[in-house]
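These are my notebook entries on the structure shown below.

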Amino acid sequence: MAKKEKSKVYVKRLDDWTSAEKVSQALLSIWQQIAPPEDIMKKNDFLALKLTFGEEGTSGYIKAAWLSGLIGFLKQKTENLFIVETNTLYREKRSNAIGHLQVAHSHGYNIQTTGIPIIIADGLHGRDGQNIAIRGEHFEHARIAKAVCQSDWLICLSHVTGHIQSGFAGSLKNLGMGCAARAGKLLQHSKTLPEIIVEKCIGCGACMKICPANAIGLKKKKAILVKERCIGCGECTVVCRTGAIEIKYDENVVKFQEKMVEYALGAKVAVGSRMRCINLIYNLTKNCDCMSKDESPLVPDIGMVGGIDPVAVDKASLDMAGIDTFKQAHAEIDPLIQIQHAEKIGLGTSEYDLIEI
Ligand code: SF4
Ligand code: SF4
């Protein structure tokens, strides 16, 4: 049997994250190891920096000031550099592009602070997606946010944390959930269709107007769902202002991880080999930055790892932080499921050579 080829993963140790300049230099030094050859990136290529701004009330997200070195470097390569993010599935401020940009601004992200624009890749309401054909076990296509699909390059910058459903959140999570349009997020999280809570419905009809499948009607001033027509896009859940349409986050933790990495494959297929991943292992908390609160770190800050292969980058991050760290934080979840499934569907390899820089 042919020996499995290992992926290269570069690591820059960093224990002081209080100096934005030091973090910025470390990020740039990782990028210089994984950057494509000089002549491949063209001046008019669209290069998306994928990250998350964090929910209101948390401060764990990647800071805008940390990107200054990387952005300054990349701006010399292309005129079309931008930060990309997608709307959330759940009904909070970041579930539409306006609220999302407001949160980004309040967390220090805007064109004045970074020098580049922010594009919410799945549009104003999270509807702008494109079906990308994949060979998964759960999906034959992934609904990936349009602006991600239209990008020539994708740099996935991920804050490594634990996660309530996947146990571990790194590049695979940032690609799989973070690059999906709302319908794709819903398909990963839920195995059932949205439900209408009749007592909360005021009969405004907003859900009926927005539904692309004509799957909602009104009867005696209450919304009713025609399940046979519903395509599970999730639009109705965010438009309802009384919270009368609920998503059931009922997918089990194994299938959730498998679906998530199939969506990560969708993002990878969309941009091809023009993808790079960098995981920042600092302030590693039990839960991700979508929680509206700060938590104490589970382990001391480690540094950052980068590579071309998201599976290897995540496996190296898991190993460096200790798989038990995540298993103790979420005892019922095995985070290796996502690594194993990602390998199985051909997204990358968990075998890596760690190169200290
Ligand atoms: S949007 Fe909400 S409140 Fe309005 S009809 Fe639909 S379910 Fe009822
Ligand atoms: S999930 Fe989409 S298709 Fe289904 S009822 Fe809601 S808006 Fe219509």
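**Entry 1: strands S5 and S6.** I found that strand S5 (residues 129-133) pairs with S6 in the antiparallel sense over 5 bridges; strands are DSSP runs of E, at least two residues long, numbered from the N terminus as helices are (H or I, at least four residues), and pairing requires at least two DSSP bridges between two strands. I noted His 141 of S6 as the bridge partner of Ala 133. Strand S6 (residues 141-145) is largely enclosed by the rest of the structure, because 4 of its 5 residues are buried. A residue is buried if 20 or more other C-beta atoms lie within 10 Å of its own, exposed if 12 or fewer do, and partly exposed in between, with C-beta atoms placed from the backbone.

**Entry 2: basis of the model.** The model is predicted: local features need pLDDT of at least 70, side-chain atom pairs count only at pLDDT 80 or more, and totals for chains, interfaces and linings use all residues. Residues are numbered from 1 along each chain as its sequence is written, while chains are lettered from A and ligands numbered from 1 in the order in which they are written.

**Entry 3: strand S14.** I asked how many residues of S14 are buried. For strand S14 (residues 275-281) the count is 7 of 7. Side chains in a regular strand alternate between the two faces of the sheet. In S14, Met 275, Cys 277, Asn 279 and Ile 281 are buried on one side, and Arg 276, Ile 278 and Leu 280 are buried on the other. Strand S7 (residues 153-159) runs parallel to S14 and is joined to it by 6 bridges, with His 159 partnered by Leu 280 of S14. Strand S15 (residues 303-307) pairs with S14 over 5 bridges in the antiparallel sense, and there Gly 306 of S15 stands opposite Ile 278.

**Entry 4: Arg 276.** I then examined Arg 276, which lies in S14. Arg 276 has 24 other C-beta atoms within 10 Å and is therefore buried. Leaving out residues up to four places away in sequence, Arg 276 touches Ile 34, Ile 155, Gly 306 and Ile 308; contact requires C-beta atoms, placed from the backbone, within 7 Å.

**Entry 5: domains.** The domain assignment, automatic or from a database, gives domain 1 (7-187 + 251-356) and domain 2 (193-246). Their C-alpha centres lie 32 Å apart. I recorded 9 residues of domain 1 in contact with 7 residues of domain 2.

**Entry 6: ligand shells.** Around ligand 1 I found 14 residues, the closest being Cys 201, Cys 204, Cys 207, Cys 240 and Ala 244; a residue is near if its C-beta atom, placed from the backbone, lies within 6 Å. This shell has 11 nonpolar, 3 polar and no charged residues. Ala, Val, Leu, Ile, Met, Phe, Trp, Tyr, Cys and Pro count as nonpolar, Asp, Glu, Lys and Arg as charged, and the others, Gly among them, as polar. Ligand 2 has 13 residues around it, and Cys 211, Cys 230, Cys 233, Glu 235 and Cys 236 come nearest. The shell of ligand 2 divides into 10 nonpolar, 2 polar and 1 charged.

Notes
Two residues are in contact if their C-beta atoms, placed from the backbone, lie within 7 Å.
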